[in-house]
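Let's take a friendly look at how two parts of one protein meet. Have the sequence and the 3D view at hand as you read.

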Amino acid sequence: MTQGFDTTAIHAGAAADPATGARQVPIYQTTAYAFRDADHAAALFNLQEVGYIYSRLTNPTVSALQSRIAALEGSAGAVCCSSGHAAQILALFPLMEPGRNIVASTRLYGGTVTQFSQTIRRFGWSAKFVDLDDPQALRDAIDDDTRAIFCESISNPGGYVTDIPAVAAIADDAGIPLIVDNTLATPYLCRPIEMGATLVVHSLTKYMTGNGTVTGGVVVDSGRFDWSASDKFPSLSAPEPAYHGLQFHKTFGNLAFTFHGIAIGLRDLGMTMNPQGAHYTLMGIETLGLRMPRHCENALKVAQWLEEDPRVVKVTYAGLESSPWKATADRLYPKGVGGLFTFEIAGGYQAAVKLVGALELFSHVANLGDARSLVIHSASTTHRQLTEDQQRAAGAGPEVVRLSVGIEDVADLIADLDQALAKATA
Ligand SMILES: *Cc1c(COP(=O)(O)O)cnc(C)c1O
């Protein structure tokens, strides 16, 4: 990114359309693309020439979004897909085989804990969960079958921030990639690749689109990992039978992971992003640099107000002086720690449920990162599939309410919380 963040957010990947001059990125609502001739078709199918074949693999609107996100993250390439959860599978797929494992943070989005502790077992993969603030525990958890470390930069929903450089150093020593879920921070607040991450995944559903209209995801590749340094990553380093023995790393260099994600991942798993979703996300990203500071500013004010209120037991926002992660936040996330945090209400589970029902401006929905403020009681919804121990480990115990603070006038948000707390604790 040689230009500034906001310039990149508006211009990267989006020159005027060469065919029509259309200034905004068109929605290329097409399934297939005409080949010039039989040789052109053959070259495309052999991956000897880059171009459009079929929209399960590539689409010009989706490509524009990929270029823009790659520029914002400072990466070699990016592959968009149908959701944040799809992005996690797409990121792991080239790294894993039956019997292999990942080491993941205990502090993750509830759906990710379920995906990693239950669903990936069907592929013969497994996950070990460790507290990433304990470097020795992390080192001890890595074994000969470990193929990646996985964490969130700012984690959902517990007000925790990860010391990415420290975790990246451990991944480097072990010769395995670090995958960072950067959904809550966005590249505006955190650029994990600059801190040593190998791969970045996002749920574009959240702040990147920013208005609750799209379900989407992306896998971003730093292009820096040497997939051929060991025999751990044969999908990327060894001959690929489905492409006449092509070796992705040898052939595509720093774009090996990106090409594999399209040519194998999207081709065979089919978790493609649609062009309309890509268009909405491109529109959303144009204002990312305006929205994120406001989310951070509003969240800090609301968190500070709640912390002073006797009806509130505890607030977990890494931007508060009381947070155990304030020092890490100041060092690594100087622009702020986002719009999401949790608090514990006096009166436990019942009061939490009442509060959610009494709020008027905050919508009770299972989403975050919207321009409008949102609230959810994680224990009865997003973290419902987890045991109470897992809920507490993820910062989502029964008395915990999660807020996604929007970009409205903060005085109105505080007034809404004030009236709802009165009703919930009456
Ligand atoms: C929402 C979310 C996901 C999953 O994304 P979807 O787009 O809902 O599939 C993954 N990680 C984090 C941190 C999230 O907030």
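A salt bridge here is a side-chain nitrogen of Lys or Arg within 4 Å of a carboxyl oxygen of Asp or Glu. In this predicted model, Asp-163 and Arg-331 form such a pair, with their closest N and O atoms 3.0 Å apart.

Where does this pair sit in the overall layout? The protein is divided into domain 1 (5–284) and domain 2 (289–424). Their contact takes 39 residues from domain 1 and 41 residues from domain 2. The C-alpha centres of domain 1 and domain 2 lie 29 Å apart.

Between domain 1 and domain 2 the salt bridge count is 1.

| Helix | Residues |
|---|---|
| helix 1 | 5–11 |
| helix 5 | 110–117 |
| helix 7 | 164–174 |
| helix 8 | 186–189 |

Helix 5 provides the largest share, 4 residues. Sorted by class, this side of domain 1 has 18 nonpolar, 16 polar and 5 charged residues.

Finally, the area. The size of an interface is often given as the accessible area lost when the parts come together. Domain 1 and domain 2 bury about 3,000 Å² between them, and 60% of that is on carbon and sulfur atoms. Which three residues of domain 1 supply more of its buried area than any other three? They are Pro-157, Tyr-188 and Tyr-207, which supply 25% of the area that domain 1 buries against domain 2.

Conventions:
Residues numbered from 1 in each chain as written. Predicted model: local features only at pLDDT ≥ 70, side-chain atom pairs only at ≥ 80, totals over all residues. Heavy atoms only, no water. Domains from an automatic or database assignment. Contact = heavy atoms within 4.5 Å. Buried area = accessible area lost by both parts, 1.4 Å probe. Helix = DSSP H or I, 4+ residues; strand = E, 2+ residues; numbered from the N terminus. Nonpolar A, V, L, I, M, F, W, Y, C, P; charged D, E, K, R; others polar.
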